[in-house]
Amino acid sequence: MNASIGKATVKGYLTSSYPGASTVGPPENAHSLEFQFNPTAIEEKRGVQYNFSEGQGQIFPLAQYGRLEPIELDFELFFFNHGGLATELKSLRTLTLPRSVSRFEYYNQVQPNTYMLDLGNYGTFFGVVRSVQLKTDLYDKETFVPKKLTAK
């Protein structure tokens, strides 16, 4: 980790993991994305679902705990490199793909990659990436290779 007191920038990691995989290190064919993290805003949504029992003649329905809803995180990452961001762009585009796309492995196509998101002292999260919004802010005028982009 590149976290230190007095510095606002923290190195963040997004690494694919599989159920039952060792937490010592990423798998050999893991998809990883490393980024500098200096958040101006992080939106975190947490929820819980309750089941309400409504019986005849009951004035107030009784609430019973059902389950936790998925935690949703929204934040932006900014990438900049004069040499180009082709590798980072390709990596960002693969975040929402299934584990494999093959006509021989049908059931793997419906399983999303599970990722570990390490945001330093803010927390470590496990889950799936549901959406990525990319905006290219600056690109090479001749080759169209992006030099600056924003990922939400």
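Which side chain meets that of Asp-140 in a salt bridge? I looked up this pair first. The partner is Lys-147, with 3.9 Å from N to O. I took a salt bridge to be a side-chain nitrogen of Lys or Arg within 4 Å of a carboxyl oxygen of Asp or Glu. Asp-140 is partly exposed, at 22% relative accessibility; the classes are buried under 20% relative accessible area, exposed over 50% and partly exposed in between, for a 1.4 Å probe and protein chains only.

Basis of the entries. I worked from a predicted model, in which local features need pLDDT of at least 70 and side-chain atom pairs pLDDT 80 or more, while totals for chains, interfaces and linings use all residues. Residues are numbered from 1 along each chain as its sequence is written, and side-chain values use heavy atoms, without hydrogens and water.

Other salt bridges. I recorded 4 salt bridges by this rule. Among them, Arg-130 pairs with Glu-72, the closest N and O atoms lying 3.7 Å apart. This pair links distant parts of the chain, 58 residues apart: Arg-130 sits in the loop between strand 9 (124-127) and strand 10 (134-139), and Glu-72 in strand 6 (residues 72-74). Helices (H or I, at least four residues) and strands (E, at least two) are DSSP runs numbered from the N terminus. Arg-130 is exposed at 66% relative accessibility, whereas Glu-72 is partly exposed at 32%. I also noted Arg-46 with Glu-44, at 2.6 Å from N to O. Arg-46 is exposed, at 57% relative accessible area, and Glu-44 is partly exposed, at 32%.

Beyond four places in sequence, Leu-14 touches residues including His-31, Phe-35, Leu-95 and Tyr-115, a contact being heavy atoms within 4.5 Å.

Leu-68 is exposed, with a relative accessible area of 60%.
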